[in-house]
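Trainee: Could you take one residue in this chain and walk me through its surroundings, then step back to the whole chain?

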Amino acid sequence: MHGEYKVPGGKLVVVDLEVEDGALRQVRVAGDFFLEPDEALAAIDSALEGAPASMETAGLAARITAALPESTVMFGLTAEGVAIAVRRALAHATEWSDYDWQLIHEAPQSPALHMALDQVITEEVAAGRRPPTLRVWEWASPSVIIGSFQSLRNEVDLDGAARHGIDVVRRISGGGAMFVEPPSTITYSLSVPDALVSGLSFADSYAYLDDWVLAALGDMGIKAWYQPLNDIATEAGKVAGAAQKRMVGPNGGPGAVLHHVTMSYDIDADKMLEVLRIGKEKLSDKGTKSAKKRVDPLRRQTGLPRETVIEKMIDSFRSRYGLAQGKIGDAELTRAQELARTKFGTEEWTARVP
């Protein structure tokens with residue numbers, strides 16, 4: 001069995017192992033990390049040898065930590081990262097490079113249609129009718145997108161939204177409200193087979209699926225990191241928020257994961273505060289007194305036009321994993337348009353949590 005895991009902000013960990021009588025055997029850990037002293041690597045292998053194959057990540061990490069020499073120093077490597085690689089080997093997880101990735105980047109769409117396209121495209125990936133897909137959104141109008149479980153009236157000032165001509169829609173994933181204006185927002189979705197995140201906890205899957213965009217931002221001179229559970233942050237402040245939805249495949253078979261991210265290229269903070277109700281509890285949880293200080297747009301940090309930032313992100317993904325140009329199929333678009341009309345564009349769905 002073979003498992004790989006790229007430690008967020010760190011290095012690649014590779015584990016090869018066998019399972020005999022319910023225990024790990026012939027465990028070999030490798031990777032491009034840095035580890036001192038040399039004996040520490042053998043200690044890691046020995047710590048995992050004979051461990052129950054059913055042991056979860058925390059237990060495996062504890063075995064590794066307990067076995068390390070006192071002088072051990074890890075660079076780009078953690079005990080938990082090794083444990084995750086073991087779990088991915090046992091789960092027969094796939095890797096980014098195992099897939100032929102497809103890019104969708106088309107003309108602006110309405111907010112309701114974007115919500116519908118996320119559902120349809122991810123369902124198509126789950127059914128095996130579409131390859132894993134990176135979809136970069138273009139917005140036809142400003143919008144507030146609330147999470148699947150948020151209260152509409154608690155999150156949005158509907159009078160403020162109407163005054164500024166802003167549509168309110170509800171997505172299928174959880175998480176918080178996002179304020180979107182077309183020239184000021186970069187949004188993308190990853191629709192991937194669930195095998196890509198096999199062996200990862202829900203929280204770890206966020207970091208894993210965000211890692212490529214951290215590298216892309218790094219290529220643009222921005223030091224960014226994953227901030228649990230679902231933010232991408234820099235020294236200047238938050239730049240993006242992510243959300244996920246898991247979908248079961250046909251007849252209960254292997255499914256797919258929708259991971260979408262909204263990034264602030266620029267922002268009208270005053271308008272945002274007239275539309276969103278950002279409570280003191282949320283601000284205190286983020287360690288700040290002002291909502292304006294929570295977000296630091298990419299325009300200021302990169303000095304690049306929005307289109308150039310998007311182009312560089314796409315180029316970064318393509319250079320790492322390959323990326324062929326694709327499009328929304330006719331049948332996909334027809335179904336998405338129907339869902340936008342009957343579900344995502346309706347008051348019943350948007351106000352399902354009043």
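Mentor: Let's start with a term: a polar contact is a pair of N or O atoms within 3.5 Å, where, within protein, one must be able to donate a hydrogen and the other to accept it, and residues adjacent in sequence count only if both atoms are side-chain atoms. The side chains of T187 and W139 make one, at 3.2 Å. Keep in mind that this is a predicted model, in which local features need pLDDT of at least 70 and side-chain atom pairs 80 or more, while totals for chains, interfaces and linings use all residues. Numbering runs from 1 along each chain as its sequence is written, and side-chain values use heavy atoms, with hydrogens and water left out.

T187 sits in strand 11, residues 185–193 (strands are DSSP runs of E, at least two residues, numbered from the N terminus; helices are runs of H or I, at least four). T187 counts as buried because its relative accessibility is 2%, buried meaning under 20% relative accessible area with a 1.4 Å probe, protein chains only. Setting aside neighbours within four places in sequence, T187 is in contact with R135, V136, W137, W139, V261 and T262; contact means heavy atoms within 4.5 Å.

Now zoom out. The protein chain has 13 helices and 16 strands, and buried residues make up 54% of its 354 residues. Of the contacts between residues at least 6 apart in sequence, 70% join residues at least 24 apart. Along the principal axes, the C-alpha atoms fill a box of roughly 65 × 45 × 35 Å.

Conventions. Buried means under 20% relative accessible area, exposed over 50%, partly exposed in between (1.4 Å probe, protein chains only).
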